[in-house]
Amino acid sequence: MTDCELRKLVSTSQEEGFKALFQQYQSYVYTIVWNQLRIVGTAEDAEECISDVFLQVFLHFEEIEDGSLQTYIGTVARHKAIDYVRK
């Protein structure tokens, strides 16, 4: 599903749109987060971090520029994971 299709789905039904967004990017975010946390964190830490990533994406979804959704999600995931490592 493209960024444009996801945006249309979110505008039609936020619940369905965000569910589709989560399903599409879950493994991508998990990979980024786990690569940062695997040495110092647990699986529960990774799950919590992933939840924080998607929360930020959902809260700022309208501000994300067209065509840059994956980049934005990847950047948020990397920064959140680094913050968790620092904790």
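Contact means heavy atoms within 4.5 Å. The structure is a predicted model.

**Exercise 1. Determine which residues bring helix α1 and helix α2 together, and classify them.**

Solution. Step 1: consider the axes. Those of helix α1 (residues 3–12) and α2 come within 5 Å and cross at roughly 145°.

Step 1: list the partners. From α1, the residues are Asp3, Leu6, Leu9, Val10 and Thr12; from α2, they are Gln14, Glu16, Gly17, Phe18, Ala20, Leu21, Gln24 and Tyr25.

Step 2: sort them by class. The contact of α1 with α2 comprises 7 nonpolar, 4 polar and 2 charged residues.

**Exercise 2. Describe how α2 is placed against α3, and state what the contact consists of.**

Solution. Step 1: two packed helices are described by the angle between their axes and the distance between the axes. For α2 and helix α3 (residues 43–59), the axes come within 9 Å and cross at roughly 135°.

Step 1: name the arrangement. The angle makes α2 oblique to α3. The crossing of these two helices is right-handed.

Step 2: identify the residues. On the α2 side they are Phe18, Leu21, Phe22, Tyr25, Gln26, Val29, Tyr30, Val33, Trp34 and Leu37, and α3 supplies Ala43, Asp45, Ala46, Cys49, Ile50, Val53, Phe54, Val57 and Phe58.

Step 3: sort by class. The contact of α2 with α3 has 17 nonpolar, 1 polar and 1 charged residues.

**Exercise 3. Describe the contact of α2 with α4 in the manner of Exercise 3.**

Solution. Step 1: the axes of helix α2 (residues 14–37) and helix α4 (residues 69–86) come within 9 Å, with a crossing angle of roughly 35°. The crossing of α2 and α4 is right-handed.

Step 1: the residues of α2 are Leu21, Tyr25, Tyr28, Val29, Ile32, Val33, Gln36 and Leu37, whereas those of α4 are Leu69, Gln70, Ile73, Gly74, Ala77, Arg78, Ala81, Ile82, Tyr84 and Val85.

Step 2: by class, the contact of α2 with α4 holds 14 nonpolar, 3 polar and 1 charged residues.

**Exercise 4. Characterise the pair formed by phenylalanine 22 and phenylalanine 54, and the pair formed by tyrosine 30 and tryptophan 34.**

Solution. Step 1: ring centres must lie within 6.5 Å for a pair. The count comes to 6 aromatic pairs.

Step 1: the ring centres of phenylalanine 22 and phenylalanine 54 are 4.7 Å apart and the planes stand at 65°, so this pair is edge-to-face. Because phenylalanine 22 lies in helix α2 and phenylalanine 54 in helix α3, the pair ties together parts that are 32 residues apart in sequence.

Step 2: compare accessibility. Phenylalanine 22 is partly exposed at a relative accessible area of 31%, whereas phenylalanine 54 is buried at 3%.

Step 3: tyrosine 30 and tryptophan 34 are stacked, at 6.3 Å centre to centre with 5° between the planes. These two residues are 4 residues apart in helix α2, so about one helical turn separates them. Tyrosine 30 is partly exposed, with a relative accessible area of 38%, and tryptophan 34 is partly exposed, with 26%.

Step 4: look beyond single pairs. One aromatic cluster is formed by Phe18, Phe22, Phe54, Phe58 and Phe61.

**Exercise 5. Locate aspartate 45 and determine which residues aspartate 45 touches.**

Solution. Step 1: aspartate 45 lies in helix α3 and is partly exposed, with a relative accessible area of 28%.

Step 1: not counting residues up to four places away in sequence, aspartate 45 touches Leu37 and Tyr84.

Conventions
Residues numbered from 1 in each chain as written. Predicted model: local features only at pLDDT ≥ 70, side-chain atom pairs only at ≥ 80, totals over all residues. Heavy atoms only, no water. Axes fitted to C-alpha atoms, helices over the stretch in contact; angles between N-to-C directions. Left-handed = near helix turned anticlockwise from the far one by under 90°. Nonpolar A, V, L, I, M, F, W, Y, C, P; charged D, E, K, R; others polar. Parallel < 35°, antiparallel > 145°, perpendicular 65-115°, else oblique. Phe/Tyr/Trp six-rings, centres within 6.5 Å; stacked < 30°, edge-to-face > 60°. Buried < 20%, exposed > 50% of the residue type's maximum accessible area, 1.4 Å probe, protein only.
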